[in-house]
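Here are a few friendly notes to read with the model open in your viewer.

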Amino acid sequence: MSYSKQIILAANQIIADRRAEAESISNVRHLKIISEIPNIPQYEAQLASTGADIVKAIAMGEDAEKFIKELSEVNLRIQDLIKAELKSHGYPEDYLKTPYTCKKCDDTGYVGGYICDCYSQLLEQLNKEVSLEALRKVSPAQQCNFKNFDLKYYSDEINPTYGVSTREMMGDILEYCRHYADDFNPKSNSILLSGATGLGKTHLSLAIANVVAEKGYYVVYGSAQNLFSELEREKFSSNNSGEAEARLMDCDLLIIDDLGSEFCTQFTVAELYNIINTRLNLLKPIIISTNLSNKEIEQKYTQRVLSRIIGSYTPLYFVGNDVRQIKSKED
């Protein structure tokens, strides 16, 4: 699963805040206890002494084994005395333990050099929140899901060209997209959604985006016009950070909506090829929706772009009459 720089920084800050809060609580509790129970400081001094002796004894090699065992037993007895003192004064036995949120990593995010489960879960949660928020800023994502993709707007009459009804064809596409979202992983295949305007390409791409983002994956969605405009502004700015391009390359799922609607230049053609080719090499999926035919894609973006798409994308061809027009007549 991929995470943006902002997600990682946010997660690190949350982990650091958790640790700082736990240690602050621990310090307050400790000050309170040593003022109420005079024996505690004495026991703690003894613990520190035995701990230091154990460290020194380790350097003694095999001869130190018996000595270390004895020191460890002393250490445990002192800890039991502290617990007894706390209990006798009405406190839990573990009252002086630092109350870390995660007991496995003590709010460091790592256990034995490996990422702790708590840190992984935090990254996934932040990914989900950021992806969903970004989707809702640039699209009507909340209104687009699989349940409200209504097949009644597609004819149930047999289409002589396809030998089946457009409703059946669109029903198959709906099921394919639903299963794709349910089974998504960062190595899922790429999809080309093509067909005339108003047939539900944007709706289903957003439905997929919602499900995938809910799982905690890093999803980037945008119209071709907005995505390429952002890349162009970054490319020719005095402070080219490369963050916009990195975001498109690093995300788990990239959705380019309405390819062909943008103003086409040498820059956009080169960037489209770079995005498609790079993510193809990295086995990272893209969903592209377009009103263009394969021939029009070749004419507008070169044969190289079309070749990459034909060779590696699952084509889903949308058919029927403009659903938006049908709905507008109902209102």
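1. Ground rules. This is a predicted model, where local features need pLDDT of at least 70 and side-chain atom pairs count only at pLDDT 80 or more, while totals for chains, interfaces and linings use all residues. Residues are numbered from 1 along each chain as its sequence is written, and side-chain values use heavy atoms, with hydrogens and water left out.

2. α5 with α6. Helices here are DSSP runs (H or I, at least four residues) and strands likewise (E, at least two), numbered from the N terminus. The axes of α5 (residues 166–182) and α6 (residues 201–214) come within 8 Å and cross at roughly 20 degrees. That makes α5 roughly parallel to α6 (angles under 35 degrees count as such, and 65 to 115 as roughly perpendicular). Axes are lines fitted to C-alpha atoms, for helices over the stretch in contact, with angles from 0 to 180 degrees between N-to-C directions.

3. Who meets whom there. From α5, Ile173, Leu174, Cys177, Tyr180, Ala181 and Asp182 meet Leu204, Ile208, Val211 and Val212 of α6 (contact means heavy atoms within 4.5 Å). By class, this contact has nine nonpolar, no polar and one charged residues; Ala, Val, Leu, Ile, Met, Phe, Trp, Tyr, Cys and Pro count as nonpolar, Asp, Glu, Lys and Arg as charged, and the others, Gly among them, as polar.

4. α7 with α9. The axes of these two helices come within 11 Å and cross at roughly 105 degrees, which means that α7 is roughly perpendicular to α9. Their contact has five nonpolar, one polar and three charged residues. On the α7 side are Phe228, Leu231, Glu232 and Lys235.

5. Val305, Leu306 and Ile309 are the buried residues of α11 (303–312), buried being under 20% relative accessible area with a 1.4 Å probe, protein chains only. They fall within an arc of 95 degrees seen down the axis, so they line one face of the helix; the arc is that of the directions from the helix axis to the C-beta atoms. Their cover includes β5, α9, β8, α10 and β9.

6. Lys284, please take a look. Is this lysine buried or exposed? Lys284 is buried, at a relative accessible area of 16%, and sits in the loop between α9 and β8. Leaving aside residues up to four places away in sequence, Lys284 touches Ser2, Pro186, Ser190, Met249, Asp250, Cys251 and Arg279. Asn185 lies 99 residues from Lys284 in sequence, yet 9.3 Å away in space, C-alpha to C-alpha.

How values were computed
Angles under 35 degrees count as roughly parallel, over 145 as roughly antiparallel, 65 to 115 as roughly perpendicular and the rest as oblique. Buried means under 20% relative accessible area, exposed over 50%, partly exposed in between (1.4 Å probe, protein chains only).
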